[in-house]
Amino acid sequence: MIGFDLKVVGTYSNSIGSNEVICNVGGTPQNIVDISLSSNSAYTINWQSKTGAGSWNSISGANSASYQPTYINQTTSYRRFLTTTELGCVSPPSNEVIKYVYAALTTGAIGSNQDVCYNISPATITETTAPTGGSSYPNYSYQWYSSTDNTN
């Protein structure tokens, strides 16, 4: 009888950080941290990114457990792969982390000043230009303020 050893190699845990919102048309995202990385063999790391619905591309030099993205100006997704150095097995990808980039918030505008006679109700103040951008688009919340001295 001939005996043999069967060794299973691979990754059994590969989770990375969380999504993030970046406003004002772009910025440098937070570090994408390693949540869990477990393998029963030695491995190398490869990070990938894609913008929008584009294709995944390897990130040159990104080979650590965590990854610090560079400045981005459009929504970008990231994921991590492990390749065992022993047999060259490639793990399934980690979860995707999405760094959402939103346009800068512009506040919009409301109607003009009104002169009102005593005991007469002013006309309804209406929005003349809608707000745009920001992370709440198109679901904005509003807070109204009033002043009798144009300061407080």
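A: A salt bridge is a side-chain nitrogen of Lys or Arg within 4 Å of a carboxyl oxygen of Asp or Glu. The model is predicted, so local features need pLDDT of at least 70 and side-chain atom pairs count only at pLDDT 80 or more, while totals for chains, interfaces and linings use all residues. Residues are numbered from 1 along each chain as its sequence is written, and side-chain values use heavy atoms, with hydrogens and water left out.

Searching the whole structure gives two salt bridges. One joins the side chains of Asp 34 and Arg 80, at 3.0 Å from N to O. This pair links distant parts of the chain, 46 residues apart: Asp 34 is in strand 3 (residues 34-39) and Arg 80 is in strand 6. Strands (E, at least two residues) are DSSP runs, numbered from the N terminus. Arg 80 counts as buried (under 20% relative accessible area; exposed is over 50%, partly exposed in between, with a 1.4 Å probe and protein chains only), because its relative accessibility is 0%. Asp 34 has a relative accessible area of 29%, so Asp 34 is partly exposed.

The other salt bridge is between Glu 20 and Lys 99, whose closest N and O atoms are 3.0 Å apart. Here too the pair links distant parts of the chain, with Glu 20 in strand 2 and Lys 99 in strand 7, 79 residues apart. Glu 20 is buried because its relative accessible area is 14%. Lys 99 also counts as buried, because its relative accessibility is 2%.

Two strands pair if DSSP finds at least two bridges between them. Strand 2 and strand 7 have three bridges and run in the parallel sense. Within this pairing, Val 21 has Tyr 100 of strand 7 as its bridge partner.

Ala 103 is partly exposed because its relative accessible area is 43%. Setting aside neighbours within four places in sequence, Ala 103 is in contact (heavy atoms within 4.5 Å) with Asn 24, Val 25, Gly 133 and Gly 134. The C-alpha atoms of Ala 103 and Thr 28 are separated by 15 Å, and these residues are 75 places apart along the chain.

Strand 4 (residues 43-51) of the sheet holds Ser 49. Ser 49 counts as buried, because its relative accessibility is 18%. Beyond residues up to four places away in sequence, Ser 49 touches several others, including Trp 56, Asn 57, Thr 76, Ser 77 and Tyr 78.

A search of the whole structure finds three aromatic pairs. Tyr 67 and Tyr 78 form a tilted pair, 5.9 Å from centre to centre with 45° between the planes. Tyr 67 is in the loop between strand 5 (57-58) and strand 6 (76-84), Tyr 78 is in strand 6, and the two are eleven residues apart. Rings of Phe, Tyr and Trp (its six-membered ring) pair if their centres lie within 6.5 Å; planes under 30 degrees apart count as stacked, over 60 as edge-to-face and the rest as tilted. Both Tyr 67 and Tyr 78 are buried. Ring pairs also bring in Trp 47, giving a cluster of Trp 47, Tyr 67 and Tyr 78.

Note on methods
Helix = DSSP H or I, 4+ residues; strand = E, 2+ residues; numbered from the N terminus.
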